[in-house]
Amino acid sequence: MRTDTGEIILLEDYKPTDFVLERVDLTFELDPTETKVEARLIFHRREGVATDAPLVLDGDELKMTGLLLDQETIDPAHYDATDESLTIRNLPADVPFEITITTEINPEANTTLMGLYRTKNIYCTQCEAEGFRRITYFPDRPDVLSVYTVNIIADKATAPLLLSNGNYLGGAGMGDGRHFAAWFDPHPKPSYLFALVAGDLGVVEDTFTTMSGREVALKIYVEHAKEPRAAYAMDALKRSMKWDEDVFGREYDLDIFMIVAVSDFNMGAMENKGLNVFNDKYVLADPETATDADYANIEAIIAHEYFHNWTGNRITCRDWFQLCLKEGLTVYRDHEFSADMRSRTVKRIAEVRHLKSEQFPEDAGPLAHPVRPTKYREINNFYTTTVYEKGSEVTRMIATLLGGELFKKGMDLYFERHDGQAVTIEDFVRCFEDASGRDLTQFALWYHQAGTPLVTVSADYDAAKQTLALSLEQMIPATPGQPNKEPMHIPLRFGLILPNGSEAAASAVSGGEVTGDVLHLTERSQTVVFEGISARPVVSLNRGFSTPINLHFEQSVADRAHIARHESDLFARWQALNDLATPNLVAAAESARNGVPAECDPALVEALLAAAADETLEPAFRAQVLALPSEADIAREIGGNNDPDAIHAGRQQVMTAIAKAGREVFARLADEMTVAGPFTPDADSAGRRALRNTALSYLVYAENEPDRALKAFQDANNMTDLSQALTILAHRFPHHPGTAEALSEFKTRFEDNALVIDKWFSIQATIPGEGALKRVRALMDDPLFNASNPNRVRSLLGTFAFANPTGFNRLDGEGYRFLAQNILAIDPKNPQLAARILTSMRSWRSLESQRADHARNALREIAAASKLSPDVSDIVERMLKG
């Protein structure tokens, strides 16, 4: 394991490599413990580079067994080799030259799951961000693009399948029980997009005909006997390819597109050119083992990785500071795809819930960083919700600012101008400026300034003048390394809703730019006046969550209820109901903390039940309306000195009050929303199941008896209903004999299905209360717990730390000490996994003092350990410092 060196990489230090890499030829002789890699690399010195400049290549825990220059052995005096770098001197000044490097690696022992590793007898690579340097010495950076030829040699009995990027050139037996396969990728790519897979796998095959008439072979490789569970992934892939042609005009460019599903994988998936490698949880699905959420995730992630073919592969990043250029942009694209495949409103609500629960706390804590950071110590720690989700929101804001036609024109220009290049945020933004004629200099601050802007708003209606004055002020909070911020360009979609429910149209606007239904806040404070408004309107602001901000707008309960009844923008209706619920939940938490019963505003109950019973609204939307803000949402709203136990208790009381008041409504929905017939994963059926299960949850709150949930568990004919019933039982009645029986039955039924058993662990990891830690410790001793499998560790330890506020944030600090011990155990084997789970403590400063002290001490315990990885050392240092 690499240990931390403390080296800081700065954006301002970027410069191109001294040598241009023209071509890469790789030969792998695969062996579980002694794989031989020969890399033949053709370079030439970049124009203007000094003739005595050495070639410096990156490495990571490498063992070199051979080094040649133009097929001649290099004098040892002319190079220096360490585990982590290779420096070669005395190279030709003005002609291309070939460096041949032979290394020996041990895939079986590679528990980091970076570079080349072997899991369940499958050889697999993961090279993003800096994994290729674990295979051979190389200029391992995203701006080094080259064409690759790959030859793979392996034992035919154990590895009949030999895959790499690009198009298949051919293969044959070698007479000694081994065979080989050759692949060539004609598209220049950086090393992080290299992929190799070898082993014995089953395959699902299909074809896709592109818009120009080319036939592309599609192959999804999975473990034998799991082929039927890849059918939905194949369907999602074909829909993704068609959608990208129809919406963005992007056609696939190779003869074959392959996906390989593996069970030991640090990430969700990887977009290697032509050979995507997936965590199998985002490929495998059938009604018995996958929930509606699983199907939706498979659809979205298949699309995301495919869309990278253009936004990430054909056009890649100049350096890792530009990571959001491929990830944020591609998240935006997959969000739009899912919105077109399903309900746009429901998808948008889910996106905003995720953004607020994950990215907003990141932006408000010690790990805050800009969408385009300017420095890093460990790049693996910047695969964050800020880069992905906030990066997507920035792209969405460009579309809002420019409108659909100019946004598409800008994207077309980006593809045309930069195909085959490694580019920057500035290159991306310039395309939209050139396409639209609009100066986006101020808007680009969204890439450079960290923190979630706070926009404070007040409205003043003058009946005599028939004017509405909207006063707005923006404040971007200080974040680590950025104490002072400039005003941002904040595009706010809005509506002015009259008393009769219609929308007002102003005859004139002054004090700021308004284009259509978008108000442009560009100053620190400004007042926009709308004229010709015949009656006092209710202002609906930030429709569709057009801008990722915290909005402080004091509106009456009646005004919010008016929006919830009359808004044409369904997202804004959901937001209004959410805004009605939040003050009730905050007050309930305070009441619980003071030991007094919480009260629930009748207006909230009435509004929620009216929406729940409104048959003009799609079931999935009604389910989202009834899903109250989470405990994390409440904690974020309170801001500091948080007591997780009080927040939990107060929310439970509000849930119970709503449940009792709406018992008849929920009983009717539980019956009416039952989906008859065989399971199908379509959006309409999923929405009905979501509303039915939400109603079931409220009914159990109202009755405080497990019988209804027990019956739902026994009657379930799909994993969505089964896992939801089990969750209700485990969370509401953890000590009931029926719950123990259900958990045991579930485990016995699915013990051979790793992805379902992950759910079994997660359901128990999120049971609230003091007994949670004891339960998690016991589950870690269960024979089905596998500490070397990232999915299993995330399902238990990660879920406990991220998603069990009362169980993890114990008043005695034992939850934090438990996490610290496990982080230190995981770090030497899998630093990425350890660092990502450790970020669960990013908001420790918002806790009340006793818990915060315990959390600080646990972080200090980690920081004091010797030989920390750069991944964990970077995270813990920033959390203690910020």
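These are my notebook entries on a predicted protein model, with what I looked up in it.

**Ground rules**

I number residues from 1 along each chain as its sequence is written, and my side-chain values use heavy atoms, with hydrogens and water left out.

**Entry 1: the whole chain**

I began with the secondary structure and found 27 helices and 33 strands in the protein chain. Here helices (H or I, at least four residues) and strands (E, at least two) are DSSP runs, numbered from the N terminus.

Next I looked up the radius of gyration, which is taken over C-alpha atoms. The globule rule is 2.2 Å times the number of residues to the power 0.38. For 882 residues a compact globule would come near 29 Å, and the protein chain has 28 Å, which agrees. I also noted the box that the C-alpha atoms fill along the principal axes: roughly 90 × 65 × 60 Å.

How many of the 882 residues count as buried? I found 59%. The cut-offs are under 20% relative accessible area for buried, over 50% for exposed, and partly exposed in between (1.4 Å probe, protein chains only).

For contacts (heavy atoms within 4.5 Å), I looked at pairs at least 6 apart in sequence. Of these, 71% join residues at least 24 apart.

**Entry 2: charges and salt bridges**

I found 89 positive and 129 negative side chains in the protein chain, and the centres of the two sets lie 2 Å apart. Lys and Arg count as positive, Asp and Glu as negative, and His and the chain ends are not counted. Each charge is placed at NZ of Lys, CZ of Arg, CG of Asp or CD of Glu.

Side chains of opposite charge can pair when their charged atoms come close. I found 69 salt bridges in the structure; each is a side-chain nitrogen of Lys or Arg within 4 Å of a carboxyl oxygen of Asp or Glu. I picked out a few.

- E513 and R438: their closest N and O atoms are 2.9 Å apart. E513 is in strand 29 (residues 513-515) and R438 is in the loop between helix 7 (425-436) and helix 8 (445-448), so this pair ties together parts 75 residues apart in sequence. E513 is partly exposed at 34% relative accessible area, and R438 is partly exposed at 23%.
- R493 and D517: their salt bridge is 3.2 Å, N to O. It links distant parts of the chain, 24 residues apart, with R493 in strand 27 (residues 490-497) and D517 in the loop between strand 29 and strand 30 (518-521). I noted R493 as partly exposed at 22% and D517 as partly exposed at 27%.
- R856 and D853: the closest N and O atoms are 2.9 Å apart. Both are in helix 26 (residues 849-863), three residues apart, so about one helical turn separates them. R856 is partly exposed at 25%, and D853 is partly exposed at 39%.

I also found a network of salt bridges linking E336, D340, R344, R348, E351, E393 and R396.

Most residues other than glycine have a negative phi, and most peptide bonds are trans. I went looking for exceptions.

Which residues does a cis peptide bond join? I found E128 and A129, with omega about 5 degrees. A129 is in the loop between strand 11 (122-126) and strand 12 (146-155).

N90 has a positive phi, near 60 degrees. I located N90 in the loop between strand 8 (85-88) and strand 9 (97-105), and N90 is exposed at 57%.

Q466 is not a glycine either, and its phi is positive at about 55 degrees. Q466 sits in the loop between strand 25 (454-462) and strand 26 (467-475), and I noted Q466 as partly exposed at 34%.

Leaving out residues up to four places away in sequence, I listed what F97 touches: F19, L41, I42, F43, L55, L69, D70, L91 and P92. Last, I checked F97 against N167: they are 70 residues apart in sequence and 26 Å apart in space, C-alpha to C-alpha.

Conventions. Predicted model: local features only at pLDDT ≥ 70, side-chain atom pairs only at ≥ 80, totals over all residues.
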